[in-house]
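This briefing walks through one protein model, topic by topic. Keep the sequence and the 3D view open while reading.

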Amino acid sequence: MSKRAWPRLRRRPLAALAGLLSLGMAGAVAATPTRLEVGGDYAFAPYSFIENGRPAGIDVDLMRELSRRTGVELHVHLQPFKRVLEELRQGRLDAGMAVLHSTEREAFLQYTGVLRLSRYQLFVRRGQEFPFERAEDLRGRSVAVVRGFLVGDTLREELSSARVRLESVASQEQTLRMLLAGRVDAIAGQSVVMRHLAREQGAAGRLSALPTPVIPDRPAYLVLSRRGGLAERDRLAELLRQGLESMHRDGTVERIEGRWIK
């Protein structure tokens, strides 16, 4: 994915954005916009997915509203999440949607505002539940995770001394298929996404969530790449943070989620 394929409007300096923070979000709409190439997961419904060849979902709608409020054009690209992280690391993407925080990621990402809280749990076939409180409880079992997701790294670190087989795949949909086919004992998934997938595939009655989360409620952020040479990145990050904050405060985030989560 080449930078040359994506026209940039960001060459104009962002000095004009400096006053936006004091003028409030209303002033942002009238400001000269810049453009950011924003990456997201291509198979993470209802948050982000491809529908009729176009990006769709909660996070895509949030980017659309954030763009309207700030005057920053947010051009969304959806692809496997591991590739999103790699392109952020290389500076080929300007921004990324719904990224959990880790110390390792801070080296190449600047965290702005919070999109939502995200919880990751273990899901098993109904009737095959087992006690789970800590990583050691998975000894001797197999677990499918999505490549690039922090939950996979978390499990890998915690299970380094346990006999657990981790299977890494490209999407949550693949993990669900593996579980239902009996190829793994459990899958680690985002709670809303897994329940949505199970309903969409008519498998809601076959899936059971273990109550103890692998990752409790954690903020999922809009991030900026530190590697792409964005001008005045700190000011831009603050503008985006304020925009998202205002969307939470006035109920916009909740309303957008309500359109997608039944």
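Ala98 is found in strand 6. The model it belongs to is a predicted one. The protein has ten helices and twelve strands, and buried residues make up 55% of its 262 residues. Among contacts between residues at least 6 apart in sequence, 73% join residues at least 24 apart.

- Most residues other than glycine have a negative phi, and most peptide bonds are trans.
- Ala98 has a positive phi, near 60°, although Ala98 is not a glycine.
- Ala98 counts as buried because its relative accessible area is 15%, and the cut-off for buried is under 20%.
- Glu232 also has a positive phi without being a glycine; the value is near 45°.
- Glu232 sits in the loop between strand 12 (215-225) and helix 9 (233-249).
- With a relative accessible area of 27%, Glu232 is partly exposed.
- The peptide bond between Ala45 and Pro46 is cis, with omega about 10°.
- Pro46 belongs to the loop between strand 2 and strand 3.

- Three strands make up an open sheet in the order 2-3-4, and their pairing is antiparallel.
- Strand 2 and strand 4 (54-56) are the edges of this sheet; each has a single partner strand, so one side of each has no neighbour in the sheet.
- Strand 2 and strand 3 (residues 48-51) are joined by two bridges and run antiparallel.
- Ala43 has Phe49 of strand 3 as its bridge partner.

**Strand 1 and its partners**

- Strand 1 covers residues 35-41, and seven of its seven residues are buried.
- Strand 1 runs parallel to strand 5 (residues 73-79), and seven bridges join the two.
- The bridge partner of Glu37 in strand 5 is His75.
- Strand 1 also runs parallel to strand 6 (residues 95-100), here with two bridges.
- Gly39 stands opposite Gly96 of strand 6.
- In a regular strand, side chains alternate between the two faces of the sheet.

**Helix 4 and helix 10**

- The axes of helix 4 (residues 58-70) and helix 10 (residues 252-260) come within 9 Å and cross at roughly 145°.
- The crossing of helix 4 and helix 10 is right-handed.
- Helix 4 contributes Ile58, Asp61, Leu62, Glu65 and Arg69 to the contact, and helix 10 contributes Thr252, Val253, Ile256, Glu257, Arg259 and Trp260.
- By type, the residues of this contact are five nonpolar, one polar and five charged.
- Thr70 is another residue that lies in helix 4.
- Where does the side chain of Thr70 reach? One answer is the backbone oxygen of Leu66, at 2.9 Å, and another is the backbone nitrogen of Val72, at 3.2 Å.
- Thr70 is buried, with a relative accessible area of 1%.

- Which residues are buried in helix 8 (residues 191-200)? They are Ser191, Val193, Met194, His196, Leu197 and Ala198.
- The elements that cover these buried residues include strand 2 (43-44), strand 7 (109-125), helix 7 (172-180), strand 10 (186-190) and strand 11 (207-209).
- The N-terminal end of helix 8 is capped by Gln190, which has a side-chain oxygen 2.8 Å from the backbone nitrogen of Val192.
- Gly202 follows helix 8 and has a positive phi, near 65°.

**Val151 in helix 6**

- Helix 6 (residues 150-158) contains Val151.
- Is Val151 buried or exposed? Val151 is buried, because its relative accessible area is 1%.
- Leaving aside neighbours within four places in sequence, Val151 is in contact with Tyr120, Ala188, Val214 and Ile215.
- Val151 and Gln121 are 30 residues apart in sequence, while their C-alpha atoms are 9.1 Å apart in space.

Key. Residues are numbered from 1 along each chain as its sequence is written. This is a predicted model: local features need pLDDT of at least 70, side-chain atom pairs count only at pLDDT 80 or more; totals for chains, interfaces and linings use all residues. Side-chain values use heavy atoms; hydrogens and water are left out. Axes are lines fitted to C-alpha atoms, for helices over the stretch in contact, and angles run from 0 to 180 degrees between N-to-C directions. Helices (H or I, at least four residues) and strands (E, at least two) are DSSP runs, numbered from the N terminus. A crossing is left-handed if the near helix is turned anticlockwise from the far one by less than a right angle, and right-handed if clockwise. Contact means heavy atoms within 4.5 Å. Ala, Val, Leu, Ile, Met, Phe, Trp, Tyr, Cys and Pro count as nonpolar, Asp, Glu, Lys and Arg as charged, and the others, Gly among them, as polar. Buried means under 20% relative accessible area, exposed over 50%, partly exposed in between (1.4 Å probe, protein chains only). A polar contact is a pair of N or O atoms within 3.5 Å; within protein, one must be able to donate a hydrogen and the other to accept it, and residues adjacent in sequence count only if both atoms are side-chain atoms. Two strands pair if DSSP finds at least two bridges between them.
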